[in-house]
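Work through the exercises below with the model open. Each task is followed by a stepwise solution.

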Amino acid sequence: MKAASLTEIKKELNAVPPGQLVELCLRLAKFKKDNKELLSYLLFESHDLQAYIEAVKGNMDTEFAAEPGRGHVYYIKKHLRKILRNTNKQIKYTGSKQAEIELLLYFCTKVKNAGIRLNDSLALANLYQQQLKKIAKAISLQHEDLQYDYLKQLEDL
């Protein structure tokens, strides 16, 4: 079975009565945890982006506080990738470049302050550099005043 295009889905959703639309959304949320998380964000947290960013930063703090394993570079790398995967998922839910910049800057700051020696592993160094590139790209799409503020933070890293 081939999936319909977004325009076809949009047309069909406009024709669906509101009660049935609620049932469709609930059924969609049952199938995947990501769908449920996105629906929760859209319904409960999308009205206050700054509070959501602070909540995600709090989650990052608890994940960084957890011990990554035996202190071996392999376990540290896995731990950082897990944190980054969760952070990127939260960024995707917001759809905001400002949230992306703030959360990735916070991630890089936490990595730097955690005392992780990035030069010990090429994979760790690349992971960190990729995040810096993503931040720089997102900053370039912002307003000039915001660019200046964010570039100062990026230079500190």
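**Exercise 1.** Is Cys108 buried, partly exposed or exposed?

*Solution.* The model is predicted. The relative accessibility of Cys108 is 0%. Buried means under 20%, so Cys108 counts as buried.

**Exercise 2.** Classify Cys25, then state how many disulfides a search of the whole structure finds.

*Solution.* Cys25 has a relative accessibility of 34%. For a disulfide, two cysteine sulfur atoms must lie within 2.5 Å. Searching the whole structure gives 0 disulfides.

**Exercise 3.** Determine how helices H4 and H5 are oriented and describe their contact.

*Solution.* H4 spans residues 49-65 and H5 spans residues 73-94. They pack at an angle of about 170 degrees, and their axes are 10 Å apart. Angles over 145 degrees count as roughly antiparallel, which therefore describes H4 relative to H5. On the H4 side the contact is made by Leu49, Tyr52, Val56, Met60, Glu63 and Phe64. H5 contributes His79, Leu80, Ile83, Asn86, Thr87, Gln90, Tyr93 and Thr94. By class, the residues of this contact are 8 nonpolar, 5 polar and 1 charged.

**Exercise 4.** Describe the surroundings of Leu104.

*Solution.* Leu104 is part of helix H6, residues 97-113. With 0% relative accessibility, Leu104 counts as buried. Setting aside neighbours within four places in sequence, Leu104 is in contact with Leu84, Asn88, Ile91, Gln131, Lys134 and Ile135. Leu21 lies 83 residues from Leu104 in sequence, and their C-alpha atoms are 35 Å apart.

Definitions and conventions: Residues are numbered from 1 along each chain as its sequence is written. This is a predicted model: local features need pLDDT of at least 70, side-chain atom pairs count only at pLDDT 80 or more; totals for chains, interfaces and linings use all residues. Side-chain values use heavy atoms; hydrogens and water are left out. Buried means under 20% relative accessible area, exposed over 50%, partly exposed in between (1.4 Å probe, protein chains only). Axes are lines fitted to C-alpha atoms, for helices over the stretch in contact, and angles run from 0 to 180 degrees between N-to-C directions. Helices (H or I, at least four residues) and strands (E, at least two) are DSSP runs, numbered from the N terminus. Angles under 35 degrees count as roughly parallel, over 145 as roughly antiparallel, 65 to 115 as roughly perpendicular and the rest as oblique. Contact means heavy atoms within 4.5 Å. Ala, Val, Leu, Ile, Met, Phe, Trp, Tyr, Cys and Pro count as nonpolar, Asp, Glu, Lys and Arg as charged, and the others, Gly among them, as polar.
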